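Colleague: I should like to learn how to read the features of a protein model, one at a time. May we begin with the helices?

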Amino acid sequence: MPRYEPIEHGVEVLGSSINSTISSLPENIETIANQIFAQHGIENPVDEKWYPNETNLAALSEIYEKLGSSMLQKIGRDKPKNTVWPPDIETATDAVMSINEAYQRNHRNGKVGGYHAEQINPSHMKLTCNNPYPCQFDQGLIEGVVFKFATETALVNEVGDECRKEGGEQCTYEVHLY
Ligand SMILES: [Zn+2]
């Protein structure tokens, strides 16, 4: 079973991020998720409060074990729906380029890695993710962000020869808008 851990001990995550995870699960499973977080010491998280990311990631490891990797992908995919977006973000490209900023706003206290986005041309972007979240979660997150804003067909594919699923330190994804 994979065990997701922060890059550095002491890193904290905002409660709103944990609540977004809990609310993206179907109602009958939401209770299980609440129990999982409670077992790891996070009970009734408050949006504006900070929690140890170690605990958040341990809960995600357990969600993977109990519900499978596609649940992690769904949690990632739902995240952009549960997010208040700055009004200056209008296109899928703007949104992809802003993922890292949002991620940094929701994490603090040490090395957290990130979502390093590069625009190759107006319809092609590349993201290198060296954060401690699961590969499937990030695949879903990027899809959620792109699908929310894309007016055309969009595809997100993992590329590159390193993957966190296989013990790598980062995953790389390409976004194509057609
Ligand atoms: Zn990967």
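Modeller: Let us begin with the length of helix H7. At 1.5 Å a residue, the 15 residues of H7 should span 21 Å, and the end C-alpha atoms of H7 are 22 Å apart, which agrees. Please bear in mind throughout that this is a predicted model.

Colleague: How many of the 15 residues of H7 are buried?

Modeller: A residue is called buried when its relative accessible area is under 20%. In H7, 13 of the 15 residues are buried, so the helix is mostly covered.

Colleague: Which residues of H3 are buried, and what covers them?

Modeller: An α-helix has 3.6 residues a turn, so residues three or four places apart point the same way. In H3 the buried residues are Asn53, Thr55, Asn56, Leu57, Ala58, Ala59, Leu60, Ser61, Glu62 and Ile63. Their cover includes strand S1 (12-14), helix H1 (15-23), helix H2 (27-39), strand S2 (50-52), helix H4 (69-78) and strand S3 (107-108). Just after H3, Gly68 takes a positive phi of about 95°.

Colleague: Let us turn to strands. In what order do the three strands of the open sheet lie?

Modeller: In a regular strand the side chains alternate between the two faces of the sheet. Here the order of the open sheet is S2-S1-S3, with antiparallel pairing. S2 and S3 are the edge strands, each pairing on one side only. Between S1 and S2 the antiparallel pairing runs over three bridges, and Glu12 has Pro52 in S2 as its bridge partner.

Colleague: How many residues lie between S4 and S5 in their hairpin?

Modeller: The hairpin of S4 and S5 has two residues between the strands. Strand S4 (residues 115-121) and strand S5 (residues 124-129) pair in the antiparallel sense over six bridges. Within this pairing, the bridge partner of Ala117 in S5 is Leu127.

Colleague: I should also like to read the metal site. Which residues coordinate the zinc ion?

Modeller: The zinc ion is coordinated by Cys135 (SG), Glu158 (OE), Cys163 (SG) and Cys171 (SG), at 2.0 to 2.3 Å. The four donor atoms make angles of 103 to 115°, and the site is tetrahedral. Along the sequence, the donor residues follow the spacing C-x22-E-x4-C-x7-C.

Colleague: What does the pair Glu158 and Cys171 tie together?

Modeller: Glu158 lies in strand S6 and Cys171 in strand S7, so the pair ties together parts that are 13 residues apart in sequence. Glu158 is partly exposed, with a relative accessible area of 29%, whereas Cys171 counts as buried at 0% relative accessibility.

Colleague: Finally, how should loop residues be read? Is Asp161 buried or exposed?

Modeller: For a loop residue, one asks where it lies and how much of it is accessible. Asp161 is in the loop between strand S6 (154-159) and strand S7 (171-177). Asp161 counts as exposed because its relative accessibility is 81%.

Colleague: And where do Pro86 and Ser98 lie?

Modeller: Pro86 lies in the loop between H4 and helix H5 (92-97) and is partly exposed, with a relative accessible area of 30%. Ser98 belongs to the loop between H5 and helix H6 (99-105) and counts as buried, at 12% relative accessibility. Leaving aside neighbours within four places in sequence, Ser98 is in contact with Trp85 and Ile89.

Notes:
Residues numbered from 1 in each chain as written. Predicted model: local features only at pLDDT ≥ 70, side-chain atom pairs only at ≥ 80, totals over all residues. Heavy atoms only, no water. Helix = DSSP H or I, 4+ residues; strand = E, 2+ residues; numbered from the N terminus. Buried < 20%, exposed > 50% of the residue type's maximum accessible area, 1.4 Å probe, protein only. Donors = N, O, S within 2.8 Å, 3.2 Å for Na, K, Ca; no water. Tetrahedral: all angles 85-135°; square planar, octahedral: opposite > 155°, others 65-115°. Contact = heavy atoms within 4.5 Å. Expected span 1.5 Å × (residues − 1). Pairing = 2+ DSSP bridges.
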